[in-house]
Amino acid sequence: MTEAVIVPAAARPATERRFLGSLGRSAKGLTGLFLIAIIVLCALFAKSIAPHDHAQQVIEWRYAPTVWQDGGSTTNLLGGDNMGRDILSRTVMGAQVSIQVALIVVSIALVVGSTLGALAGYFGGIVDTIIMRIVDFQLAFPFLLLALIFMAVLGAGFATLVMALAFALWINFARIVRSETMRIRTLDYVDAAITMGVSQLRIIFTHVLPNVLPAVLVVATLDIALVIISEAALSFLGLGVQPPTASWGVMISEGRDFLYEQPWIVIAPGIAVLISSVGINLFGDFLRDYFDPRLERM
Amino acid sequence: MLRLVVSRLLYAAVILLGVILVVASLVKLVPGDPVDVIAAGNPGMSVQDMDVLREKMGLTRSVPEQFVAYLGNAVQGDLGTSIRQGVPVTSLIADRLPATGELAFWTLLLAFVIAIPLGIVTALKRDSWIDYAGTFVAVLGVSMPGFLLAVLMILWFSIELRWLPASGYRGSALASIGRAVAERDIGIFWNAFRYFILPSISLAFVLVAVNARLIRSAMLEVLQQDYITFATAKGAPRLTIILRHALRNALLPIVTLAGLQMGALLSGTVVIETVFAWPGIGRLAVDSIHVRDYPIIQAVVLVSAALFISLNLIVDILYRFIDPRVRND
Amino acid sequence: MSLRTLTSEQFDALARSYLKQATLSRRGFLGGAAALTAAAMLGMPGKALAQKTGGTLRVGRSEEPDTLDPHKTTLSVSSATMDMIYEPLARAGYDGEVLPGLAESWAFSNENKTLTFKLKPGVKFHDGTPCDAEAVAWTVARHLAPEAASPSAFFLGPLERAEAVDPLTVAYHFKEPFVAVWVGLTLGYSAPISRAAVEAAGDQFGRKPVGAGPFKFVSWSTDRGMRLERNDDYAPVAAPARIDAVELSHYPEDSTRIAAFETGEINAIYGGSSVPLDSVRRLRGNPDAIMLERPAQMMRALVFNQKRPPFDNPKVRQAFAHAIDQKRLIAFALDGFAVPATSPIASSIAGYSAKTAELSYGYDPEKAKALLAEAGVDKGLKVKLVANDTPVIRRTAEVVQAQLREIGVEITIETLPIAQWAAITAQGGQDMVISTYSYTDADIVYPVLHTKGALNRAFHENAELDGMIAEQRVTSDPAARQVILDKIQAKVVTEAYWKPLFEPLNFAVVAKDVVDARMNPAGELRIDHLGMAS
């Protein structure tokens, strides 16, 4: 068994072609990528896309209907909210918040979780016991209740939001990396490397981590969707980002009081949440099928 | 097996202790106590009044002192007295737990009633339009935040169509079945049950998605097994094969999953109970966090963690019975 | 001047004026809802003791009481409910006057440290046990007991004990004269409760309350709400209620509550923010509804922390005051339903100084920028605003943020849960805070502006102001007191300690067939006074 077979190193042209080819044939992957592209473009060019300042309050815009409703105008394509702000601009800016939070949270969770998982799986013994006990301990908390207590106690805000979510998510990475590491650890060539006296850190970095990468990538993608949903849920409970930052969850939460007469206040951010999480989940599904068609999501 | 159960129980106890400790210190490290809440709404209260009340409520005792006293009582089943209401916390939880429990019950029932046929059909008709539709539902299910689905359903079913109540709880639907049967009046059941519909769907949607996919792949795997091929070759009716052989084997891991999902549901109910004004322990937790009623916060966390751990334990043990390949590690 | 040297008539007048304008609109704002307390507000019904009409009033409220044990709660929605079940010694009228309740008369003595009540004869609790001096004294002892740790005990002030002199005479002995005595004694919090019922129910008394008020408690369940029925044996106290029963349900979601009213499931909504601002226009257009509204004795103000630069500089505070456009703020955050505030004392409280309207710094962004430049902080000023997380306050904070951005000031908003908000702002961990209160007497200046006040968030040190605040407390002549209050308000406004923002309105709505519904200053309806047309 040679190394080249095991390591699906992304840089190799052949692998790259295979990946792109597979993506081109997958309706799931393409649709997902398309939806993700919409959100990412919104986030990157939010300032240029948004027709107005997202925090600007204009009396005449209060409860302005959408452009296709009676009384709607092109000034506020998706209408105005209760505070006289442009919903389209806020929704577009919301993409920035969602993506920022998601990327930061998942990066922290990924680095911390993978490192601890790799250590636990590679060394086993007491290291494994300690790390896995912490995982068990955290599993005993319902995830959202944990985040909720965290936020309610420490006060709402970007930093606590990120901390609470990262704190809740690292275990996903730790668990998958640990089990993959344990599996790889027993493979012949790793044994051989150890016998040859290759340093343990080097083994972890050159043999173990590249091999768990696909699985980690899949989990990371799916977790991004989870973070976007959770951020919205926490913001919905009033524990998310602070004004004037526009967050989809905050918008939905505020708009809930106006469901009767101005339902459009909720619809736009609601659809935005859906587009991004559907997109990411579709793409994540595709990645999983690509790397390991037998894996089904738990 | 006994040794396993005992050691797991001890382990669970240690985890619970850690859970209380973390929550207790987290809540107390942060400024603001119940007296601050009371004083904020009552300008007539002077600084001295506040100090006197703190003293009386035992809030001036040190954290370790309070914690030890709390643990001592908790072991005897006394989870303390609500600071705000002066009522034993156990009775408050006992009041709220049935509403949450029954919501979880209908949610799981709904989840499996829909997921099982969906999983079977999508497995049997692999790569047909039904399978693709199933994939679509699955992706939508994991992508749709429960609270968003809840708000959209309220918009449509409660406000537009006026079919179902937008929030509230009018007693146990299960308990009303007896009366409905005795009085031959389905309306009695319906009056309680209709309040469960929107919250259960909001919670169940993601479970339907996940479970249907799992059942599908388990079915696919089982259908390829030799004994199925053998039964088919023997000429057994197709329906019998699916139900007696394939489904039974495919369901085993799924049933154990139900236990875990029940525990995870506790998390989801925090949000959904808030949206639907459901008088369950999720909302009790949120309300108590706001007014800093420490004993209630601790108790809710303790009870949910305990439920979660024991469900895990039961599932674990069940699993060992069902699948002898799993061994102690 | 000492309270002890006042004649008992003078002290009585002072204490009554303390309550005047209905002392009881303390507004609890837990969980964003906030029902107003209490308020008993007995008083003369509009048309003296109108006929019994029958019928059931079905009330929808935003909150549910936590407990109906008067010694275990300070939640305003509980207080409003307890005022129906329990009968306090005195009741406050529709305009804040002190009127007889369980007591028919009273007098101060012993250097104004003793208040002796003569009780009405023949009054019984709902369980049939006598509601006499003994019952009053026992209730007070329970309320004050250290082991009770009663959060509502502060309503009794420096009360030492109550003594049953004879079956119909009870003496309240205070450690020192207590000017705010009627605030608590006109509320259900201080009303006698049935000892027999307490002993039978133990710690469940709060869910099975027994008092001597106009309505008897019947049932309460988490899912179906609460039912109270007319106390037909109320006659020894006052005329029994005109309607047969009250049903109180809670609908936390605004939209559900309004829908319940529109479909006739309930026929009254009142108390706190039970009538949401967002639906006032809709309800006003409903021909089957009667809207009641009255300015609330509440204040929402921006308070600057003078311990933190640059707010030690009056110019900066003045600039901020000029930067706020109250009219626009009220339109955005409250859909227009509030009164712009000019003084730290709400305009509906006796003692409000009308002169503050001219003294106030009006909306003038150019002047604001100039003042900031004069103070040398016109470039990149960043300020932390701490607000509690109730919806209206959060919206207010967002508008303040947007308006200050127009003069180049960047505001970071921190919205905190009420407990943390209260604790952190008390320690001065903010540059600015949106301060809120609900009170009915001008003595509110003590808690919010005196150096020793529990709710003082400006953190100034000013002996002159402290002196004036202490003086108004013991000045029994209304005109003389007004002079001092005018000076206090002028000082606070011109030196821009606060930027008063707005005074909210209280709303109630009842169905067309509800007659004689009147709102008291606390925003509550006296249910025993209203009737139902058949």
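How many of the 8 residues of S16(C) are buried? The structure is a predicted model, in which local features need pLDDT of at least 70 and side-chain atom pairs count only at pLDDT 80 or more, while totals for chains, interfaces and linings use all residues. Residues are numbered from 1 along each chain as its sequence is written, and chains are lettered from A and ligands numbered from 1 in the order in which they are written.

In S16(C), 6 of the 8 residues are buried, so the strand is largely enclosed by the rest of the structure. A residue counts as buried if 20 or more other C-beta atoms, placed from the backbone, lie within 10 Å of its own. S16(C) pairs in the parallel sense with strand S15 (residues 381-388) of chain C over 8 bridges; pairing requires that DSSP find at least two bridges between the strands. Within this pair, C:Val383 has C:Ile411 as its bridge partner in S16(C).

Chain C as a whole contains 16 helices and 20 strands, where helices (H or I, at least four residues) and strands (E, at least two) are DSSP runs numbered from the N terminus. Its radius of gyration is 24 Å, which agrees with the value near 24 Å for a compact globule of 534 residues; the radius is taken over C-alpha atoms, and the globule rule is 2.2 Å times the number of residues to the power 0.38. The C-alpha atoms of chain C fill a box of roughly 75 × 60 × 40 Å along the principal axes. Buried residues account for 60% of chain C.

Chain A has 12 helices and 0 strands. Of its 298 residues, 51% are buried.

The contact between the two chains takes 20 residues from chain C and 16 residues from chain A, two residues being in contact if their C-beta atoms, placed from the backbone, lie within 7 Å. On the side of chain C, helix H6 (254-262), helix H9 (326-334), helix H12 (391-405) and strand S16 (409-416) each supply at least two residues. H12(C) gives the most, with 6 residues. The residues on this side of chain C comprise 9 nonpolar, 4 polar and 7 charged; Ala, Val, Leu, Ile, Met, Phe, Trp, Tyr, Cys and Pro count as nonpolar, Asp, Glu, Lys and Arg as charged, and the others, Gly among them, as polar.

Note on methods
Buried ≥ 20, exposed ≤ 12 C-beta atoms within 10 Å, placed from the backbone.
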